[in-house]
Amino acid sequence: MKPFDYVRPASVAEAVAAAAQPGAVFLAAGTNLLDLMKGGVSRPDRLVDVTHLDGLDQIETLADGSVRIGALVSNADLAHDATFAKSYPAVAEALLSGASAQLRNAATVGGNLLQRTRCAYFYDTASRCNKREAGSGCDARDGENRSHAVLGWSESCIATHPSDFCVPLVALDAVVEIEGSNGRREIALDQLHRLPDDAPERESALEPGDLIVAVRLPPAARAFASHARYLKVRERTSYAFAIVSAAAALRIENGKIAEARLALGGVAAKPWRARAAEDVLRNVAPTADAFQEAAWRALEGAKPSGDNAFKIELARRIVVRALLLAAAGTPARIPALPASPFASISGAIHA
Amino acid sequence: MNHSISLTVNGARRDFVLDDPRVTLLDLLRERLHLTGTKKGCDRGQCGACTILVDGKRINSCLALAISHDGADILTIEGVARGDQLHPVQAAFIAHDGFQCGFCTPGQIMSAIGMMREGQTGNDPERVRECMSGNLCRCGAYAGIVDAVLDAQGQMDESNQRRSA
Amino acid sequence: MPELNLTSAPAHLRHGSNIGQPLTRRDGILKVTGQATYAADNHPPGMLFAVIAVSSIARGRVTSLNVAAAKRHPGVVDVMTPDHKPQLAIDPEIKTNPFVFRMEALHSNEVRYANQPIAVVIAETLEAATEGAALLAPRYETLPPLVGLDAGESFVPPVVGVGNPAENHRGDVEAGLASAEKRIDATYETPPQYHNAMEPHAIVVQWDGDRLSVDMPTQGLMLSLARIAELFGIAHDKIHIRSPFLGGGFGSKGLMGGPPVLGIMAAKLVGKPVKLVLRREQMYGPVGHRAPTRQRLRIGADGEGRLTALDHHARTVSSTFDDFYEPAADASHTLYAAPAIRTSHDAVRVNTGTPLFMRAPGEATGSITLESAIDEMAWACGMDPLAFRLKNYAEVEPMTGRPFSSKALRACYEQGAARFGWAKRLLQPRQMRDDAGLLVGWGMGTATFPALMFQAEARAAIRRDGSGVMEIGAHDMGQGAWTALAQIAADGLGLDVDRVEFKAGTSDLPDAGIAGGSAHTATAGAAIHSAGAAVIARLADLATNDERSPLFGAGNAGVIARDGRLIRRDDESRSESYSEILARAGVAEVEARGTGAPNPAAMEEYAMHAHGAVFAEVKVDPELGQVRVTRMVGAFAAGRIVNPRMVQSQLFGGMIWGMSFALHEEAITDRRSGRIMNANLGEYHIPVNADVPPFDVITVEEHDPHVNALGIKGVGEIGITGSAGAVANAVWHATGVRVRRFPIRIEELLTQL
């Protein structure tokens, strides 16, 4: 690990100023950053430790009914907040399907949003990677890439965003509150992560010094609570990143879908909101046929970036299943194996 | 640059000067405080051997900078037993053969204690398996680990009931 | 290092003291309190930290290292490179015996595989040494690496495994295939796998003049000692190795590899104690692995489901600079009674660290393919897989015609099948579903592993206070040597286990042989048993020749040792305690040595193997293809069971390895660079707790008078065999999809579901 200056700012404004300088990065829990630093992937000159800042670790319900989650709330604390989990069950389920209990205890909401890809070529500093070193090339493109992107990728980068948490968040129109050099602003989470195009090194809409201070879910997000699920296919039962995942949330009125929300994880450089699929589900009955149609819409434009064509078909099937699960209703308690196809739930769900 | 930090480690306050901000909690414990019960299996948050409790919560100490945890209350495997009196989880690990080589064991035990404090699993073995999945065991002692956790949980619940009765 | 203080478990956990009792681990308290000292836990005064820098290319040459940059980093003391290092006494390329493998001791700039050590940075802190290694920023002259099973011209290796012929046959395989009514011709692939013991390889070294003190995990104290002695040109008695606990070995800590040698060199270079610990990613290269294989099985059967021929060919790889060949096809020698069997191997050389022994080398890779192919053949014959196996049950070892020293496999099949409920299995695949609609499949596999014996010696003593001592340089890598061997010692000395001081784990003790080949309990146990008998005989001499003893005149054959007393066999009212005998004789203690060794005559006469039957249930999501093992039953017959609790744990562990082989483990090599792209525990998947369902282990009673004096066959490796195939076969039974590439991946199932 390269030597660095350690700075512990006393206020958000101080933090933003300290991090605006070249070579500076924010340190929250460090569960991703330290891993990257140990691997030589990230070699910052200055760590601006925001963990001691006051006021960023609250979960508040605002007057308009939205919920505001401080950036330093831990993944575990958020998932285990009974009120939050009841209102946004797919978010809680996604959180609990990510990483391990130890990592969830440490990792923060803000940090989760900004975690870096798991692309092995990004992590392997001897490989060429446009994300790690702009313009150096992409060794993943012709490499071992069965887990790489099938949507929104470019010739310069085929990496995926690994977060589970972001998938239901983006489906529920989460908003990110940012403190920057020019004060506070907010953007839709869907606008936070960038697709690679020809500049994969620019991963987000953040400017130097920008600090995510909170994530907000709008009042409408609560309306999906009774029909919201997250589903994640992985290579072992737990403690693994998604091959593909999906968050599905339905507002069902009089036997018809009034509104659907759908997003995919593990398929693109950002959590992938499938609006076209949502559109075809509006005002239709929650049937397997409708969900099949939605799945086709969700994956329109998908193409393999390598040895990963199976992910497109897998994604379609996950969409159908996640929608079926959502339609069947949110379980009273998050299953023992969160987001798993093996989650023990009653009743036949398979065709 | 030197940084003065203070930690409470297994109940005792420790003040010291850290000459290098790169030191993780794990390396601080092992190489500077010589508390070597906490193990380094991967150093990247992928195995759980370094699990300790920080302010009552289980975390991977390999991915935590010591300097950032100034003021924290730390519990390691060395601080779990009361003298010769083993913690119920420790005794249950022996009784159920919840380990073979023993290298992951301090992390497993700290994780189990942390999990019980989280109170999310009850006596459901499937939830215990899921919530202990952050601790790899290459010898494959998982069955004994789950039995040990459920047994210890049962014993502690019972003694808590007795106490409150 | 603190004195080892092994404590028995609390009294309420005790069930007895001798062979056959399920004692809890005597090292249990040390392990659950964090007091068990593994190599990297040592910290002698003045110790420095050494960190290895490894190659990022797989083939070529290091042309420069930025040593100056590393040295400029505060805290860096020195950088060891091919140009700046202590000289070894012999060239590390010389193979002085068959158990010496070539290693990198910075003796050349050549790079032969990715992750090869190319320099060592020594610093005052771990942080400085680690960053110093990064600052070396090596430059290379890169050659295109040889990667994969088709990397080059294949050849037939001179031997496979440890001295086995690469080709064997009995009967006419082609004729057998030609006459068959049903034929299977199937090709399977298994990936490179890495041991990944939880404890990374580590060494703490202190030189004191020409005396050397070493803490390191080793499965072979004396082999390591001899290798260090020859490499550094020092006498055996100047070297002291401590290895009281290994944090897992699985074969990767059996033979001395390069990294600990670099640690010893580094300490010599800087003249101070040094600790060197491999980083997890550095374990994917210089410390061995299981080689990949491609195996073709051709099997014939007649109209009644009797095998007519079994042809098993395995392609594997070795490194470009040394020879170890995974003896995968040899798995077909012992299990099924085909009248014609042929096994053969060929290999190619690739730019990899030399593959080595990994838990059940050959048996694991060969078992998953053989059991899959047998399953395919049972289906082709329209027979239940268990019925098919019983029909082809080998009454004698098929390849050699020798009788088995013992073989309770039928009982394993029966008891395992009964416990599992196998009789309810439907023959057709893809017929079973659970309440949630998941596909359910049941599969089975036969387990087998040879009952091996090596050479060992032990020293026993009985002291004036009536207590006993047993000394043997045995190794506990988790299998439970501290406990099981102490139980054997207690029996041998006629004492309760708490009255025996059992010493093990250091190189100044008698040679226990290597802890490998599932032979350690048998080998070390035989030596302990023999030393115990010898020291009791000496004690008996003292008593029976002394007219003041109630045992006077009984003769050696006439007394038995029990509970710290010698008792006259024909009159149990006449006895005397050990301490009384020694007190009267005026000696502080009596001692004796004993040895354990294979019996060549018995080995010539009998085929010696442990056996087992494993039954697995998997559930598969019918659309998403994710697989989970939900139930496993293993019934094993492995001779005498010294400690049922520890044996069960070993077998559980092996079964998990089998499941992992079928579903999880795979090192992914970039075919262009030869680098392993998942050299970590996040993406090299081994099972987590949630992957492991309730397992059921049955140990089937088996008495074997031939394998060794104690009748022990060993259980360390057999659990992985049979289990891997059982899981793979269960996946087929659940889905109707036969995947012949392991681990079974979602995409292979997905396209055919």
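The radius of gyration used here is taken over C-alpha atoms, and the globule rule is 2.2 Å times the number of residues to the power 0.38. With 351 residues, a compact globule would have a radius of gyration near 20 Å, and chain A agrees, with 20 Å. The structure is a predicted model, in which local features need pLDDT of at least 70 and side-chain atom pairs count only at pLDDT 80 or more, while totals for chains, interfaces and linings use all residues. Residues are numbered from 1 along each chain as its sequence is written, and chains are lettered from A and ligands numbered from 1 in the order in which they are written.

The C-alpha trace of chain A spans about 60 × 50 × 35 Å along its principal axes. Chain A holds twelve helices and twelve strands; helices (H or I, at least four residues) and strands (E, at least two) are DSSP runs, numbered from the N terminus. Of its 351 residues, 59% count as buried, a residue being buried if 20 or more other C-beta atoms lie within 10 Å of its own, exposed if 12 or fewer, and partly exposed in between, with C-beta atoms placed from the backbone. Two residues are in contact if their C-beta atoms, placed from the backbone, lie within 7 Å. Among the contacts in chain A with a separation of 6 or more, 66% are between residues 24 or more positions apart. Chain A is divided into domain 1 (5-52) and domain 2 (222-328), with bounds that come from an automatic or database domain assignment. The C-alpha centres of these two domains of chain A lie 35 Å apart.

Turning to chain C, there are 16 helices and 29 strands. The radius of gyration of chain C is 27 Å, close to the 27 Å that the globule rule gives for 753 residues, so chain C is as compact as a globular protein of that length. Its C-alpha atoms fill a box of roughly 85 × 75 × 50 Å, taken along the principal axes. In chain C, 64% of the 753 residues count as buried, and 81% of the contacts between residues at least 6 apart in sequence join residues at least 24 apart. Three domains are assigned in chain C: domain 1 (28-37 + 455-597), domain 2 (42-144 + 198-248 + 253-283) and domain 3 (293-452 + 603-750). The C-alpha centres of domain 1 and domain 2 of chain C lie 39 Å apart, and 15 residues of domain 1 are in contact with 18 residues of domain 2. The side of domain 1 of chain C that touches domain 2 has four nonpolar, eight polar and three charged residues; here Ala, Val, Leu, Ile, Met, Phe, Trp, Tyr, Cys and Pro count as nonpolar, Asp, Glu, Lys and Arg as charged, and the others, Gly among them, as polar.

Seven strands form an open sheet of mixed pairing, in the order β3-β5-β1-β14-β11-β12-β13, where two strands pair if DSSP finds at least two bridges between them. β3 (76-80) and β13 (239-242) of chain C stand at the edges, each with a single partner strand, so one side of each is left without a neighbour in the sheet. The twist averages 20° from one strand to the next. Strands β1 (residues 48-54) and β14 (residues 274-277) of chain C pair in the parallel sense over three bridges, and C:Ala50 stands opposite C:Leu276 in β14(C). Helix α3(C) packs on the sheet, touching β1, β3 and β5 (117-123) of chain C, and its direction makes about 20° with that of β1(C); axes are lines fitted to C-alpha atoms, for helices over the stretch in contact, and angles run from 0 to 180 degrees between N-to-C directions. β3(C) pairs with β5(C) in the antiparallel sense over four bridges, with C:Val76 opposite C:Ala123 in β5(C).

Between chains, 47 residues of chain C are in contact with 48 residues of chain B. On the chain C side, the elements that give two or more residues are α1 (28-32), α3 (126-135) and α14 (644-663), and α14(C) provides the largest share, seven residues. This side of chain C divides into 23 nonpolar, 16 polar and eight charged residues. In chain B, seven of the eight residues of helix α1 (residues 25-32) are buried, and what covers them includes β3 (51-54) of chain B together with α3 of chain C. Just after α1(B), B:His34 takes a positive phi of about 55°.
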